[in-house]
Amino acid sequence: MERISKPYPNNITYICVPGSEEGADSSPRSCPKKTSETRHGEVIYVTKGKVLAWGGTAVLERLPSGAVVKTPIPNPYCPPEEEDHRRNMRLEARIYAMIGENPCVPRIIHWDQETCCLTMEYLENGNLKEYVPQSMQNITPQLQLKWSRQAAKALGVLHALQIIHCDLSPRNFLLDLNLDVKIADFGGASLCGSDPSATPATRFRHPGYDWNAPPVFEDDIFSLGSLVYFIMTGSYPYKDILSDEVEKLYQVQQFPDVSSIICGTVIMQCWHRRIHSAHTVYDALSAVKRQYDSKRLETKSN
């Protein structure tokens, strides 16, 4: 691929061109290139299927076969950034290999070491970020508790392997056909103390977060509390308040009211860092579920 020596453009525009053989699961490839027909700042990206999302590190596409492929975003104007994207994809592939076949994560179909493309199963119901607000009126407390427990269990799987996700949010939890939650997107994670390339978003980041220190499991636990809050309410914590103001509220330990949420106590324990493991969060949520189920049965019998 031709490297570009001109000054770095103010903006990069990716021009998507359908590939001639889209959907080859066994060897997905990207062919970004610079041609005489493109202007400075434009990059041709040859697609493999229907583009589902264009993130900060990778392009997510659904192949004609039905599988999904993640391709590191090319940037011929900045080879070091391009290599960062490829490194994140290699880390993600390594983490999936460490976890292996597990109901808590999407099933991996193929990893291409040459192109750093990762092919995985397609999860029909998208992610929690999009699904929950659109379907909130049809989401039962039982389903909310199931998702919360599944998220905690999935995080426990990561932590047991010394993996800190570092960017827990509703967009990184996917829903399959049966509305079971699976955790995903590990490219920015910390593995066995390595430096992460991702950090939690404002509403998922605890007030004592140290940008210069290695991440710890408790960072993910705080984020898990915000995730459970989103699952139970359909909204991000302090959704109508600017991020800078949210940081100030967090600094004085002022968090959203959770008194009306059935697992509000668990959420608050995560936010106040009184719970130190994902397994403890799972156990606490399981206790809430048992109590909720007991009350429902008692109500029915009366």
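This briefing covers the sheet of this protein and the confidence of its model. The model is predicted. Its pLDDT averages 91. Five strands form an open, antiparallel sheet.

**The sheet as a whole**
- The strands run in the order β3-β4-β5-β7-β6.
- β3 (50-54) and β6 (108-112) stand at the edges. Each has a single partner strand, so one side of each is left without a neighbour in the sheet.
- From one strand to the next, the twist averages 20 degrees.
- Strands of a sheet pair through backbone hydrogen bonds.

**Pairs inside the sheet**
- β4 (residues 58-62) pairs with β5 (residues 68-72) over five bridges, in the antiparallel sense.
- Four antiparallel bridges join β6 and β7. Ile-108 stands opposite Met-120 in β7.

- In β7 (residues 117-120), Cys-117 and Thr-119 point one way. Leu-118 and Met-120 point the other way. All four residues are buried.
- β6 and β7 form a hairpin with four residues between the strands. In this hairpin, Cys-116 takes a positive phi near 60 degrees.

- A pLDDT of at least 70 is reached by 92% of the residues.
- Residues 22-31 stay under 50. The model has 31 contacts for this stretch beyond four places in sequence.
- Where pLDDT is low, the predicted coordinates should not be read in detail.

Notes. Residues are numbered from 1 along each chain as its sequence is written. This is a predicted model: local features need pLDDT of at least 70, side-chain atom pairs count only at pLDDT 80 or more; totals for chains, interfaces and linings use all residues. Side-chain values use heavy atoms; hydrogens and water are left out. Two strands pair if DSSP finds at least two bridges between them. Helices (H or I, at least four residues) and strands (E, at least two) are DSSP runs, numbered from the N terminus. Axes are lines fitted to C-alpha atoms, for helices over the stretch in contact, and angles run from 0 to 180 degrees between N-to-C directions. pLDDT is the predictor's confidence in each residue, from 0 to 100. Contact means heavy atoms within 4.5 Å. Buried means under 20% relative accessible area, exposed over 50%, partly exposed in between (1.4 Å probe, protein chains only).
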